[in-house]
Amino acid sequence: NKKGFIFDLDGVIVDTAKYHYLAWKNLAEELGISFSEIQNEQLKGVSRIRSLEKILEWGNLEIPQDKFDKLLVEKNEEYLSYINNMNQNEILPDAVRVLEYLKTQNCGIALGSASKNARIILDKVNLREHFETIIDGTDVTKAKPDPEVFIKGAERLNIAPEHCVVFEDSVAGIQAANAAGMVSIGIGDSAILYEADYVFENFKEMDNQFINQLITTEKV
Ligand code: BG6
Ligand code: MG
């Protein structure tokens, strides 16, 4: 069976987590809500709206809808100002090697991101061509940990979910991959991503032999 590989974007392909962090931290602190790396971890993979809801919950703060919408716009403007200065140096180590290897092995390759800025970022680092299909925050109604984004990716690749593998750096994303019935591979800290089928610190640690194993074995 042909295998499909679905990549998360932020924190897997590119190091944008630090920009989300900066923008959310500034916003939270303006509201008088403290914001640390621990909280940031809980926002990884989480949609823009849900992220702001969580921050307000942490601060025990309720705000009117128009203020809420305005804050979302401000956060994204600040985030985009960082993205605008991005270049290919911000592609995470060996991500391109893995993408290119999978292509030589005739695998389906998709992007499955919660971000509405996914296409802008891929263009910025010149990686759009590497993906057969892109599912992003504009294509889904249910955010990770709901499996919708990955199920749609599998559909577009025309490959059954059980023949798909997901690369994710977030807890919500690993849960989404598991819920989709796909092989879940965490990229990051195994103490955080313990629900994943496998965890690698980064793509450098993942050799082609392991990838071959993913291509040839069936999920049991
Ligand atoms: C995810 C990020 O990929 O996209 C989250 O991990 C982010 O931190 C979410 O909130 C939505 O992104 P955006 O670009 O639409 O605000
Ligand atoms: Mg991510």
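**A parallel sheet and its surroundings**

In this predicted model, L111 stands opposite I134 in β3. The two residues belong to a pair of neighbouring strands: β2, which spans residues 108–112, pairs with β3 in the parallel sense over 3 bridges. This pairing is part of an open sheet of 6 strands, arranged in the order β3-β2-β1-β4-β5-β6 with parallel pairing. At its edges lie β3 (133–135) and β6 (198–200), each of which pairs on one side only. From one strand to the next, the twist averages 20°.

On one side, β1 (residues 4–7) pairs with β4 in the parallel sense over 4 bridges, and I6 stands opposite V166. Strand β5 (residues 183–187) also pairs with β4 in the parallel sense, again over 4 bridges, with V165 opposite V183. Because 5 of the 5 residues of β4 are buried, this strand is largely enclosed by the rest of the structure. In a regular strand, side chains alternate between the two faces of the sheet. In β4, C164, V166 and E168 point one way while V165 and F167 point the other way, and all of them are buried.

Leaving aside residues up to four places away in sequence, L9 touches V14, L111, S113, S115, A118 and I121.

Terms used. Residues numbered from 1 in each chain as written. Chains lettered and ligands numbered in written order. Predicted model: local features only at pLDDT ≥ 70, side-chain atom pairs only at ≥ 80, totals over all residues. Contact = placed C-beta atoms within 7 Å. Pairing = 2+ DSSP bridges. Axes fitted to C-alpha atoms, helices over the stretch in contact; angles between N-to-C directions. Buried ≥ 20, exposed ≤ 12 C-beta atoms within 10 Å, placed from the backbone.
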